[in-house]
Amino acid sequence: MDHFQLKDGHLHCEDVPMSRIADEVGTPVYVYSKATLERHAAVFRDALAGVGRGEPLLAFAVKANPNLAVLKVLANQGYGADVVSVGELRRALAAGMEPAKIVFSGVGKTAAELRAALEAGIGQFNLESEEEGEELSEIASEMGMRARCALRINPDVDAGTHDKISTGKADNKFGTPIGDAASLYARLATVPGLEMRGLAMHIGSQLSDLAPLEAAFEKLGKLLKTLRESGQSVRQVDLGGGLGVPYKSGEILPSPGEYGAMVRRVTQDWDVSLAFEPGRVIAGNAGVLLTRVVRVKRGVVHPFVVVDAAMNDLARPAMYGAWHDFVAVEPDGEEMTANIVGPICETGDTFATGRQCDRLERGDLAIFRTAGAYGATMASSYNSRGFVAEVLVDGDRFAVVADRIAADSIMNAERVPDWL
Ligand code: LLP
């Protein structure tokens with residue numbers, strides 16, 4: 001359920017008409033609904049209430065939507081953060097997330113990033129390898145600290161999602177192969193600068209079936225028993241993110257409630273604190289990309305609806321062949337079949353081909369739905385288009401929460417050496 005609905009024939013975000021945002025801020029623009037973010041945060045929290053020992057840690061995957069205002073909404077809901085770079089760490093801290101609720105994931109944390117995270121006093125490093133563990137131990141020892149760590153396991157499970165966002169197969173770059181995990185955990189537990197607290201896992205994103213997750217969690221549960229039997233302490237397990245969201249109207253995906261019930265069943269005798277790293281399920285349907293039709297161009301098979309948003313603003317269709325529902329802000333009840341394209345000079349800049357959609361004409365406004373996760377954050381300035389603005393709506397008010405960055409500002413950061 002989201003708060004992007006038609007009221008009196010005009011699409012609103014909460015109580016704000018989309019056209020008001022377009023008039024005041026211009027297009028393209030990302031629009032986020034605070035009420036939707038809060039609702040998703042609450043639904044996910046309720047679904048996992050009481051799993052594991054104590055209350056679980058809910059660490060929002062900042063990569064899904066790193067906007068400071070979005071992070072602040074989630075911090076106010078008691079969420080922490082899953083970060084993958086020092087940039088994301090700084091954002092989580094700036095948004096007021098408690099350091100103890102910050103988890104640091106990723107295969108390529110640099111020495112400088114490890115140091116910055118130790119200085120910030122984050123709650124947990126999810127180690128991807130022996131090499132990373134040794135490096136972190138050295139840095140922590142130098143600083144007179146011990147880093148709280150979990151070992152990320154690669155369970156070799158096919159998450160059944162797009163290849164580019166699958167992370168738990170043996171040949172993916174992530175985690176430690178599950179067969180090596182017990183001996184590596186034991187070894188890292190003896191390293192002076194580390195405090196091994198548990199295990200972590202994340203097998204992929206936009207999962208539309210709970211079965212691979214359950215299979216992966218079962219494997220993790222077996223490893224946990226093996227570790228305990230060999231005398232290791234395992235107090236914390238981070239089960240990652242990955243729960244998918246519907247991108248097409250009418251599509252049914254496993255709900256947070258079903259996910260929570262599965263987690264409860266699988267983990268009931270683990271006796272650990274649990275952590276989760278949800279991204280898309282919190283932010284996906286809480287945001288849209290608002291765009292204006294530049295013109296409708298005649299085509300051989302279908303007309304081309306050329307919008308002012310492009311693949312540099314919303315990369316998912318070009319990158320993963322992803323579907324985003326596309327609807328008019330003021331539908332007139334008529335429909336058309338069209339190719340929805342952006343202005344960028346490559347054919348990949350196509351949002352949809354042969355799409356049945358509301359009839360649109362030059363100057364009309366429309367939205368790409370479900371763009372609140374992996375939308376603005378994946379933008380580039382390709383074709384010297386700058387970065388679009390972001391807006392947060394709360395009831396009948398809204399604020400620009402990220403300024404539009406004009407192509408000129410990017411150009412102005414470039415230098416032509418005087419020897420040219
Ligand atoms: N934890 C880790 C370690 C991750 O790598 C990710 C996502 C998450 C949590 C959050 O996953 P979520 O709950 O959002 O599925 N750009 C792609 C998605 C990439 C996901 C990368 N990792 C897309 O647009 O579909």
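Which helices each supply at least two residues of the shell around the ligand? In this predicted model, they are helix H10 (280-283) and helix H11 (316-320). The ligand is surrounded by 23 residues, and the closest are Ala61, Ser205, Gly241, Gly279 and Tyr374. By residue class, the shell comprises nine nonpolar, nine polar and five charged residues. Because both domain 1 (4-32 + 284-412) and domain 2 (34-282) contribute residues to this shell, the ligand lies between them.

An unreviewed UniProt entry lists Lys63 under "modified residue: N6-(pyridoxal phosphate)lysine". Lys63 is located in the loop that runs between strand S5 (57-61) and helix H3 (68-76). This lysine counts as buried, because it has 22 C-beta neighbours inside 10 Å. When residues up to four places away in sequence are not counted, Lys63 touches Val84, Glu88, Gly279 and Thr377.

The feature "binding site" is placed by UniProt, again in an unreviewed entry, at Arg280, Arg316, Tyr320, Glu346 and Tyr374. These positions span 95 residues in sequence, and their farthest two C-alpha atoms are 27.8 Å apart, so they do not all gather at one spot.

Arg280 lies in helix H10 and is buried, with 26 other C-beta atoms within 10 Å. Beyond residues up to four places away in sequence, Arg280 touches Ala64, Ser205, Gln206, Gly244, Val245, Ala373 and Tyr374. Tyr320 belongs to helix H11 and counts as partly exposed, with 15 C-beta neighbours inside 10 Å. Apart from neighbours within four places in sequence, Tyr320 is in contact with His162 and Lys164.

Technical notes:
Residues numbered from 1 in each chain as written. Predicted model: local features only at pLDDT ≥ 70, side-chain atom pairs only at ≥ 80, totals over all residues. Near = placed C-beta within 6 Å. Helix = DSSP H or I, 4+ residues; strand = E, 2+ residues; numbered from the N terminus. Nonpolar A, V, L, I, M, F, W, Y, C, P; charged D, E, K, R; others polar. Domains from an automatic or database assignment. UniProt positions renumbered as here; feature names shortened; annotations may be inferred. Buried ≥ 20, exposed ≤ 12 C-beta atoms within 10 Å, placed from the backbone. Contact = placed C-beta atoms within 7 Å.
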